[in-house]
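Q: I would like to learn how to read some features of a structure from its coordinates. Please take them one at a time.

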Amino acid sequence: MNKVTLIDRRDDDHAIDAHAVNSREFRALYKKREQIYPKLAHGVFRNLKWAAMAVLLAIYYLTPWIRWDRGVGRPDQAVLIDFEGRRFYFFFIELWPQEVYYITGLLILASLGIFLSSALFGRVWCGYACPQTVWTDLYIYVERAIEGDRNERMRLDKAPWSFGKAAKKASKHAIWLLIAAVTGGAWVFYFGDAPTLFREIFAGEASVPVYLFIGVLTFTTYALAGTMREQVCTYMCPWPRIQAAMIDKDALSVTYRVDRGEPRGAHKKGESWDGRGDCIDCRQCVAVCPQGIDIRDGDQLECINCALCIDACDDIMRRVGRPTGLIAYDSYANLERREAGKAMRYRLIRPRTILYGALMAVVGVAMIYGLATRQTLDLNVIRDRSPPFVRLADGSIRNDYDVKVINMSPAPRQIRIELSGLDGARLQAPRLSSDGAIAAVAQADGVTNVRVHVVARNDVGEGSHDLVFTVRDTQSGASAESASAFLAGERR
Amino acid sequence: MADKRERDEISGTETTGHEWDGLRELDTPLPRWWLYVFYATILASVVYWVLMPAWPLANGYTTGILNWSDRDNVRAEVQQLEASRLPMFERLGQASVTDIAADPDLQEFARAAGASVFGDYCRTCHGAGGAGAPGFPVLADDVWTWGGTLADIERTLRVGIRSDHPETRMSQMPAYGRDNLLSAAQIGDVTEYVISVSAARERLSPDPAAAARGAIVYQEQCSLCHGPSGAGDRTQGAPSLLDDVWVYGGSREEIRRQVELGRGGVMPAWEARFDAGTIRALAYYVHEMGGGEPDAPPPPLPEATPAAATAPAQ
């Protein structure tokens with residue numbers, strides 16, 4: 001009975017008593033934060049957000065569990081940041097610490113991607129994909145499931161403490177904490193073998209940093225998504241300030257079509273729509289807003305473009321029999337065109353977006369090229385500094401080197417170390433092949449140290465001489481070079 | 001005074017009650033969370049005093065009920081570390097030269113342990129990397145007074161040179177000048193002769209006449225140890241005079257001074273201080289510096305051309 005009256009009242013009059021707590025008129029410097037109670041919206045964008053949330057959370061929680069066979073004795077986790085072994089594994093890609101520039105490429109791609117998405121659809125990242133948005137949405141979902149929708153939540157918060165209220169609050173925070181702990185737990189799985197870590201965590205055998213990181217991320221998830229919510233976007237995140245610079249007149253963003261909506265005002269069934277705007281001032285757009293703003297105030301820093309107000313408004317428009325899209329993804333250019341009496345135009349392809357797209361393609365191709373032609377054999381030569389040189393019995397001079405042969409391939413390699421660039425100098429080691437090169441085996445997926453002595457003739461001359469070490473794979477012929485120096489000085 | 005306190009309209013916070021040129025200052029209280037954290041730290045410090053060593057006393061300190069001691073912890077960790085290394089040292093101490101040559105793990109361990117011990121005990125005289133110093137032989141070169149095989153080096157380490165070990169390596173060159181065994185002219189002549197047979201003759205250009213006179217003195221006084229040709233004798237610890245490497249310096253004056261004084265340094269015997277494994281690690285490290293001589297023919301090459309496996313080309 002009670003439920004029916006509620007629905008009846010809403011059908012009668014769509015207005016809701018909601019005020020935008022973060023709008024300019026309610027904002028004050030010393031004001032305490034006011035709780036926002038977002039109402040559940042229904043519609044295309046809400047469904048899109050559910051889908052995005054499901055996909056993104058699945059990626060985050062499940063990725064560490066994907067297995068990828070790399071052979072015996074090597075990690076079989078598809079995505080693994082192995083600090084201890086100093087490797088980054090990503091499916092078929094394996095990176096060493098010195099190849100961290102690929103991460104730079106990824107960061108450039110990510111920035112360009114966010115520039116492009118901003119130029120096309122405004123703050124689409126904030127509205128759908130940002131972890132802050134996704135986890136806040138998830139937390140609000142839990143809150144709604146336990147405490148009810150907007151009105152029930154507001155009533156519950158105003159009600160005096162009772163067993164029922166305490167039970168609801170306690171179970172909400174318990175589930176929040178559980179989600180937070182799972183989030184922190186999933187994070188550490190990216191840095192170690194997930195099944196092993198999983199067992200260790202529950203057996204109490206995992207290392208202190210593991211528990212520490214889970215604890216820290218549990219806390220941040222709980223605090224950011226549970227209690228801080230829109231304040232993170234408004235006060236902590238730099239992106240709203242930067243993103244404004246990425247949006248131009250043609251960029252789509254969630255817009256109240258002021259030209260169509262005004263003058264706004266309450267509307268009774270059967271009244272004429274002549275001489276007034278389509279906005280019936282029902283405040284449904286305010287009630288669903290998780291940021292506590294009124295989209296009808298125009299573009300605002302607080303707005304994350306989640307488009308829930310579009311769903312809310314379209315719903316109302318359909319009920320009152322007006323066309324949808326009073327709030328819609330729209331551009332400044334279109335507003336101007338409508339005012340000038342021209343047809344609307346969506347310019348997704350324009351110089352700016354072409355440039356971003358082209359830059360992304362260039363960086364992407366460069367990275368793919370780099371990965372495809374990646375050298376798996378390299379060497380570092382470290383010259384001994386004490387003694388700087390050694391005088392031998394026959395008067396010749398010897399310098400000593402540690403040649404670090406880097407083999408990034410998963411199989412051991414038969415290699416040769418050759419010397420060039422200094423006349424009369426020759427390699428000297430316990431194992432020389434007939435042509436004066438050093439033969440050695442470079443261990444699989446690792447660095448092999450080969451101690452190398454170079455002997456030069458008595459008359460090499462004082463000072464520093466250039467020479468070049470070459471490491472060559474005897475099977476594939478792949479090679480790498482490294483320059484070093486040969487020192488000779490006056491006798492003592 | 002309480003009645004003077006005024007409340008700021010906008011923030012609702014009390015002011016300090018002062019006014020400077022029309023400016024008043026808010027007396028904003030500390031944020032609650034900050035205050036509670038502050039109280040919590042005070043509480044934590046009291047807990048710390050009870051649990052951990054905290055207060056100095058006249059003859060000691062309060063140990064706390066946990067009996068925590070960094071000193072004991074370090075001692076335990078060092079013992080644990082030593083215990084974990086012990087099996088490797090024992091293996092190394094019992095390994096033969098061929099065992100080591102065939103075992104990369106053992107080589108790796110010997111290299112690391114040897115480098116560490118060398119840095120602590122040997123570097124002071126012989127220099128980092130065996131660079132040597134006047135009076136202290138270069139270990140990185142291929143000139144050895146007592147032999148340069150792994151076994152030779154290990155024996156030198158064990159018994160020392162002119163040390164107090166009963167089996168010490170012992171040689172004593174007479175001080176021909178100080179003890180007036182030869183005249184100053186004879187010492188000059190023998191110096192010229194030594195230069196003339198050594199590889200230093202090109203840079204020092206000895207006087208042929210003096211060298212010819214010195215040859216006779218040499219055969220009488222020096223050849224018994226240094227050999228008729230000057231090639232030296234490792235069994236007696238007499239260095240070769242043919243090369244251009246001189247422990248006490250290679251200038252004409254320094255060579256002459258060595259004939260006058262017959263200096264010989266002392267190397268301690270390390271047998272009493274180190275176990276067999278540590279001494280072998282040290283020997284291996286020194287042997288690997290570059291001038292080590294083979295104890296046995298080197299093992300064949302890993303590649304398919306064993307014929308090329310000839311050892312150190314000197």
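Predicted model: local features only at pLDDT ≥ 70, side-chain atom pairs only at ≥ 80, totals over all residues.

Q: How many residues lie between the strands of the hairpin of β1(A) and β2(A), and which of them takes a positive phi?
A: The hairpin has four residues between its strands, and A:Arg86 takes a positive phi near 55 degrees.

Q: In what order do the four strands of the open sheet in chain A lie?
A: A general point on strands comes before the case. In a regular strand, side chains alternate between the two faces of the sheet. In chain A, the open sheet has the order β11-β9-β13-β14, with antiparallel pairing.

Q: Over how many bridges do β9 and β11(A) pair?
A: Strand β9 (residues 413-420) of chain A pairs with β11(A) over five bridges, in the antiparallel sense. Within β11(A), A:Ala440 stands opposite A:Ile415.

Q: How many aromatic pairs does a search of the whole structure find, and why is the pair of B:Tyr121 and B:Trp270 called edge-to-face or stacked?
A: A pair of aromatic rings is described by two quantities, the distance of the centres and the angle of the planes. Over all chains, the search finds 29 aromatic pairs. For B:Tyr121 and B:Trp270 the ring centres are 5.6 Å apart and the planes stand at 70 degrees, so this pair is edge-to-face. B:Tyr121 belongs to helix α4 (residues 104-126) of chain B, while B:Trp270 is in the loop between α10 (252-261) and α11 (276-287) of chain B, so the pair ties together parts that are 149 residues apart in sequence.

Q: Is B:Tyr121 buried, exposed or partly exposed, and what is the case for B:Trp270?
A: B:Tyr121 counts as partly exposed because its relative accessibility is 35%. B:Trp270 has 9% relative accessibility and therefore counts as buried.

Q: What geometry do B:Tyr193 and B:Tyr218 have as an aromatic pair?
A: Their pair is tilted, with 5.0 Å centre to centre and 45 degrees between the planes. B:Tyr193 lies in helix α6 (residues 184-197) and B:Tyr218 in helix α8 (residues 208-221), both of chain B, so the pair ties together parts that are 25 residues apart in sequence. B:Tyr193 and B:Tyr218 are both buried.

Q: Which residues of chain A form one aromatic cluster, and which ring does A:Arg46 lie over?
A: The cluster consists of A:Tyr60, A:Tyr61, A:Trp135 and A:Tyr190. A:Arg46 lies over the face of A:Trp50, 3.5 Å from the ring centre. A:Lys49 has its charged end over the ring of A:Tyr128, at 5.9 Å from the centre.

Q: How many helices and strands does chain A have, and why is it described as spread out?
A: Chain A has 16 helices and 14 strands. Its radius of gyration is 33 Å, whereas the globule rule gives 23 Å for 492 residues, so chain A is more spread out than a compact globule. The C-alpha trace of chain A spans about 115 × 60 × 45 Å along its principal axes. Of the 492 residues in chain A, 46% are buried.

Conventions: Residues numbered from 1 in each chain as written. Chains lettered and ligands numbered in written order. Heavy atoms only, no water. Phe/Tyr/Trp six-rings, centres within 6.5 Å; stacked < 30°, edge-to-face > 60°. Helix = DSSP H or I, 4+ residues; strand = E, 2+ residues; numbered from the N terminus. Buried < 20%, exposed > 50% of the residue type's maximum accessible area, 1.4 Å probe, protein only. Lys NZ or Arg CZ within 6 Å of the ring centre and 35° of its normal. Pairing = 2+ DSSP bridges. Rg over C-alpha atoms; globule rule 2.2 N^0.38 Å.
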